[in-house]
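Take a look at the fold below.

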Amino acid sequence: MSATPKIVSLVHYPMKGMNGIDAPKADLTSGEGIPFDRIYAIENGGHAFDTLHPKWFPKVHFLQLMRSERLASLRLAFDEDSHTLTLFRDGRQVARGTLKTKLGRQMIEQFLAAYMKDDLKGPPRIVHADGHQFTDISAKALHLVNLETVRDVARVTGVELDPARFRANLYFEGVPAWEERHWVGKTLTCGGAELEVFAETARCEATSVDPATAQRGISIPAALQSTWGHKNLGLYAKVTRGGTVGVGDAFALV
């Protein structure tokens, strides 16, 4: 790899299905995902998640962008110390609650019950369990996306694509578009951390939702399939050695 990839942004998503929060750095731990990523989720109707004995559920069990693009019209702020979640729409606060408390969760749930009523199968329930992350795959991992690949898809489709559509934890640039497809099975090193790339990311219709407008437009999976013969964009990587990574850091492939 002659070019040098560099981290452009680090993002975590405290509430599954909602917008991400940028961070200047992340302290990675072996076997874990990025801190504060998908640590809360909203059960859609069936309340099967057991907070005392957590297990992985597919994303269709929860409110998420693949089926509920209206979520993209909300913006959140999240306090990492108190776990207070604040929701905004069009710049105006619409709900606020401390998710560590039953009352705080109910404040958010009551808003979502009204705002998301057309997408709900039953009463929404905010769920959380210490150490659990509500990721789209069962393995704890970081999601990496090459911004040059996003730009290539935008160029070919003629559609301006906000990289936030792809909901990565680590966005990088500095290598050609699609170069990262050759990294599966290899190890990335950065800031003392090691990441083992184990799979490409198969894209779903959540990527067809414009995060700025909350409108569903061009089908990204269909565009990928028709142009490149696959629906993959991005990588999953496990943290095999902990360390601190930051925006602007370069990483190497070993």
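How many residues lie between β6 and β7 in their hairpin? Two residues separate these strands, and Asp-90 in the turn has a positive phi of about 55°. Helices and strands here are DSSP runs numbered from the N terminus (H or I, at least four residues, for helices; E, at least two, for strands). This is a predicted model: local features need pLDDT of at least 70, side-chain atom pairs count only at pLDDT 80 or more, and totals for chains, interfaces and linings use all residues. Residues are numbered from 1 along each chain as its sequence is written, and side-chain values use heavy atoms, leaving out hydrogens and water.

Strand β6 (residues 84-89) runs antiparallel to strand β7 (residues 92-98), and six bridges join them. Two strands count as paired if DSSP finds at least two bridges between them. Thr-84 has Thr-98 as its bridge partner in β7. Leu-85 stands opposite Gly-97 of β7.

Next, widen the view to the sheet. It is open, has three strands in the order β5-β6-β7, and pairs them antiparallel. β5 (74-78) and β7 are the edge strands, each pairing on one side only. From one strand to the next, the twist averages 20°. Helix α1 (residues 102-115) lies across β5, β6 and β7, at about 140° to β7. Such angles run from 0 to 180 degrees between N-to-C directions, with axes fitted to C-alpha atoms, for helices over the stretch in contact.

Buried means under 20% relative accessible area, with a 1.4 Å probe and protein chains only. The largest core has 27 residues, and those touching the most other members are Met-15, Met-18, Leu-85, Leu-87, Leu-99, Ile-108 and Leu-112. β5, β6 and α1 are the elements that give two or more residues to this core. The largest share, four residues, comes from α1.

Zoom in on Met-18. Leaving aside neighbours within four places in sequence, its contacts (heavy atoms within 4.5 Å) include Ile-42, Leu-76, Leu-87, Leu-112 and Arg-167. A second, separate core of 21 residues includes Leu-28, Cys-190, Leu-235 and Val-245.

Finally, the cysteines. Cys-190 is buried at a relative accessible area of 10%, and Cys-204 is buried at 16%. With a disulfide defined as a pair of cysteine sulfur atoms within 2.5 Å, the count is zero.

How values were computed. Core = buried A, V, L, I, M, F, W, Y, C linked by side-chain atoms within 4.5 Å. Buried < 20%, exposed > 50% of the residue type's maximum accessible area, 1.4 Å probe, protein only.
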